[in-house]
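Dear colleague,

Here is the structure for your files, followed by notes on what was found in it. Please read them with the model open.

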Amino acid sequence: MKVSKKDISYFSIQLGILFGYFIPINLTEFPIPILLTAVSLVLLLMGFAMAVIAIFQLSKKLSPFPSPAKTAVLQTRGVYKLSRHPIYTGLFLMTLAFGIMTGSLWKILFSVVLLAFFYVKSNYEEELLSEKFQEYESYQKKTGRFFPKF
């Protein structure tokens, strides 16, 4: 796989956002009702499961960069049937849920920034996937970017 400057830039920005998420800044903390904590825990576990399953499904084809590996195959089964980018979805759900569980406005804001970044990064990634796989366009039509289409 040839790694471009754009690949490295996207990877670096993602690391920076995730690093920023863990900076212990308390903009505002708010009390969390027990029901919201329970819902957040479920979202956190769902996000974790989705990301881990997606990583195992990609196996040796997994790359930290948006460009698909030369030996990549289009994955459309398992969690990839629910989302075209289940690792991004899982990371977003985990960061958002943890932000809610800890009552950290900082973490919630960074989760939203992360989702916006994943949207931009996935646009670039999908251009590359469309070039590599003829069937990618039909996959896009029936599968949601981050969340299932109903």
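Glu126 and Arg84 are both buried. Their side chains meet in a salt bridge, with 2.7 Å from N to O. Glu126 belongs to helix H4 and Arg84 to the loop between H2 and H3, so this pair ties together parts that are 42 residues apart in sequence. Please keep in mind throughout that the model is predicted.

The count of salt bridges comes to two. Lys141 forms one with Glu137, and the closest N and O atoms there are 3.7 Å apart. Both Lys141 and Glu137 lie in helix H5, where they are four residues apart, about one turn of the helix. Lys141 has a relative accessible area of 60% and is exposed, because the cut-off for exposed is over 50%. Glu126 and Arg84, in contrast, are both buried.

**The largest pocket**

The volume of the largest pocket is about 640 Å³. It is lined by 32 residues, and those closest to its centre are Leu58, Leu62, Ser63, Ile87 and Glu125. Which elements give two or more residues to this lining? They are H1, H2, helix H3 (86-101), helix H4 (105-132) and helix H5 (136-142). Sorted by class, the lining of the largest pocket holds 22 nonpolar, six polar and four charged residues.

**Surface patch**

Ile25, Leu27, Leu105 and Leu109 make a nonpolar surface patch of about 300 Å². Of these, Ile25 is found in the loop between helix H1 (5-21) and helix H2 (34-58). The relative accessibility of Ile25 is 33%, which counts as partly exposed.

**A backbone point**

Most residues other than glycine have a negative phi. Ser59 has a positive phi of about 55°, although it is not a glycine. Ser59 is placed in the loop between H2 and H3. With 48% relative accessibility, Ser59 counts as partly exposed.

**Pairs apart in sequence**

- Leu128 and Ser67 are 61 residues apart in sequence, and their C-alpha atoms are 6.4 Å apart in space. Leu128 is in helix H4. Its relative accessible area is 19%, and Leu128 is therefore buried, since buried means under 20%.
- Thr102 and Glu29 are 73 residues apart along the chain, with 8.0 Å between their C-alpha atoms. Thr102 sits in the loop between H3 and H4. At 34% relative accessibility, this threonine counts as partly exposed.
- Gly144 and His85 are separated by 59 residues in sequence and by 8.6 Å in space, C-alpha to C-alpha. Gly144 is found in the segment after H5. With a relative accessibility of 4%, Gly144 counts as buried.
- Leu93 and Met50 are 43 residues apart along the chain, and 9.5 Å separates their C-alpha atoms. Leu93 lies in helix H3. Its relative accessibility is 11%, so Leu93 counts as buried.

**Where to look**

- For the loop between H1 and H2, look at Ile25, which makes a nonpolar patch together with Leu27, Leu105 and Leu109.
- For helix H5, look at Lys141 and Glu137, and then at Gly144 in the segment that comes after H5.
- For the centre of the largest pocket, start from the residues closest to it, among them Leu58 and Glu125.

Regards

Terms used: Residues are numbered from 1 along each chain as its sequence is written. This is a predicted model: local features need pLDDT of at least 70, side-chain atom pairs count only at pLDDT 80 or more; totals for chains, interfaces and linings use all residues. Side-chain values use heavy atoms; hydrogens and water are left out. Patches are made of residues with over 30% relative accessible area and no salt bridge: like charges are joined within 9 Å, nonpolar side chains (Val, Leu, Ile, Met, Phe, Trp, Tyr) within 5 Å. Accessible areas come from the Shrake-Rupley method with a 1.4 Å probe; for residues, only the protein chains shown count as cover. A salt bridge is a side-chain nitrogen of Lys or Arg within 4 Å of a carboxyl oxygen of Asp or Glu. Buried means under 20% relative accessible area, exposed over 50%, partly exposed in between (1.4 Å probe, protein chains only). On a 1 Å grid over the protein atoms alone, a cavity is a set of points where a 1.4 Å probe fits but cannot get out, and a pocket is an open set with protein on both sides within 12 Å along at least five of seven lines; lining residues have an atom within 4 Å of a point. Grid points are joined across faces, edges and corners, and a volume is the space filled by probe spheres set on the points. Ala, Val, Leu, Ile, Met, Phe, Trp, Tyr, Cys and Pro count as nonpolar, Asp, Glu, Lys and Arg as charged, and the others, Gly among them, as polar.
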